[in-house]
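Let's take a friendly walk through this model together. Have the structure open as you read, and follow along section by section.

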Amino acid sequence: MILRSAGFVTGDLITSRNAINFAYILFLRGRREGVPADDLERLVRRWYVMSILTGRYAGNPETTFDFDIRHIDAQGITQYVETVIENELTPTFWTGMLPQLMETSSAKSPYFIAYLAAQARLGDKGFLSKNITVRDLLLNRGDKHHIFPRKYLQKQGLSRGRYNQIANFVMTQSEINIAIGDKPPEVYFKEIAEQVNGGPKLYGGITDPETLRQNFEENCLPTGLLDGQIPDYETFLAERRRLMALRIKRWFEVLG
């Protein structure tokens, strides 16, 4: 329940067994130390997210487990957790390291998992959805839509590893994904902009500019796309990784 409350709403979002195991150790130790329930939930949520973002238990988990347990014994759970988080998730982690780590095509990467959990916890709507949230889409197997469509990029000679970059994905309803199809981004983003200015309703139910801009912000899309500012693909990926990292940062702050 603690992890679900952080946004990890389906089993597909739980990919690090070692991080889960230590989160449970942390929970048991906190109860033994008499940490108030609400404070303990906060510590467990934040520690789990920190551990998956930094890969704390990815390499040699037994050694790291032993290290962390010994320091918890010495310092107490609250002080140790807060100290480690402060040292690991520095301001430059969010603006420098995390965007670089997000340059991957693995949909199972901890960074994409964290991003989806962040959207679920923050109540973000699906791409171009008026009422359906990312949480709804995750629980009911919504589509992962290529912002720059796959076939569009394939025609430009891009490999699977490039067109499947996690920064090229948004969660959306199947009918919206199908309606966009393989249209070039400069075509369908223009149609989206026209939809909220009295044009035909082609994609979802958003019909006013302010709601659309909020939807773009929640899905970490540069709002310049609505003004016809379509960058080249690599520039777009770099900007979206930056925005996704900031969304994850906001989520982590909410967990505190």
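Is Asp 12 buried, exposed or partly exposed? Asp 12 comes out as partly exposed, because its relative accessibility is 38%, which falls between the 20% and 50% cut-offs. Keep in mind throughout that this is a predicted model.

Asp 12 has a charged partner: its side chain meets that of Arg 141 in a salt bridge, with 3.4 Å from N to O. Asp 12 sits in the loop between α1 (2–6) and α2 (17–32), and Arg 141 in the loop between α8 (134–139) and β1 (143–146), so this pair ties together parts that are 129 residues apart in sequence. Arg 141 counts as exposed, because its relative accessibility is 65%.

## Other salt bridges

In total, the structure holds 15 salt bridges. Glu 103 belongs to the loop between α6 and α7 (110–122), while Arg 162 is part of helix α10 (residues 160–163), so the bridge ties together parts that are 59 residues apart in sequence. With a relative accessible area of 44%, Glu 103 is partly exposed.

Which residues are linked with Glu 103 in a network of salt bridges? The network consists of Glu 103, Arg 162, Glu 234 and Arg 241. Elsewhere, Lys 183 forms a salt bridge with Glu 191, and their closest N and O atoms are 3.2 Å apart. Lys 183 is partly exposed, with a relative accessible area of 27%.

## Helix α14 and helix α6

Two packed helices are described by the angle between their axes and the distance between the axes. For helix α6 (residues 91–101) and helix α14 (residues 233–255), the angle is about 120° and the axes are 9 Å apart. That angle makes α6 oblique to α14. The crossing in which α6 passes α14 is right-handed.

On the α6 side, the contact is made by Trp 94, Leu 98 and Pro 99. The α14 side contributes Arg 241, Arg 242, Ala 245, Ile 248, Lys 249 and Phe 252. Sorted by class, this contact has six nonpolar residues, three charged ones and no polar ones.

## Helix α14 and helix α3

How does helix α3 (residues 37–54) pack with α14, in angle and in distance between axes? The two helices pack at about 155°, with their axes 9 Å apart. This makes α3 roughly antiparallel to α14, because the angle is over 145 degrees.

From α3, the residues Arg 42, Arg 45, Arg 46, Val 49, Met 50 and Leu 53 meet Ile 248, Trp 251, Phe 252 and Leu 255 of α14. By class, that contact has seven nonpolar, three charged and no polar residues.

Leu 89 is found in the loop between α5 (77–88) and α6. Leu 89 counts as buried, because its relative accessibility is 9%. Neighbours within four places in sequence aside, Leu 89 is in contact with Met 50, Thr 54, Trp 94 and Phe 252. For a sense of scale, Leu 89 and Gln 214 are 125 residues apart in sequence, and their C-alpha atoms are 27 Å apart in space.

Ser 51 is placed in helix α3. Ser 51 is buried too, with a relative accessible area of 3%. With neighbours within four places in sequence left aside, Ser 51 is in contact with Ala 19, Arg 56 and Tyr 57.

## Positive phi values

Most residues other than glycine have a negative phi. Leu 128, however, has a positive phi near 70°. Leu 128 lies in the loop between α7 and α8, and counts as buried at 2% relative accessibility.

Cys 220 also has a positive phi, of about 55°, although it is not a glycine. Its place is in the loop between α13 (209–218) and α14. Cys 220 is buried, with a relative accessible area of 3%.

Note on methods:
Residues numbered from 1 in each chain as written. Predicted model: local features only at pLDDT ≥ 70, side-chain atom pairs only at ≥ 80, totals over all residues. Heavy atoms only, no water. Axes fitted to C-alpha atoms, helices over the stretch in contact; angles between N-to-C directions. Helix = DSSP H or I, 4+ residues; strand = E, 2+ residues; numbered from the N terminus. Parallel < 35°, antiparallel > 145°, perpendicular 65-115°, else oblique. Left-handed = near helix turned anticlockwise from the far one by under 90°. Contact = heavy atoms within 4.5 Å. Nonpolar A, V, L, I, M, F, W, Y, C, P; charged D, E, K, R; others polar. Buried < 20%, exposed > 50% of the residue type's maximum accessible area, 1.4 Å probe, protein only. Salt bridge = Lys/Arg side-chain N within 4 Å of Asp/Glu carboxyl O.
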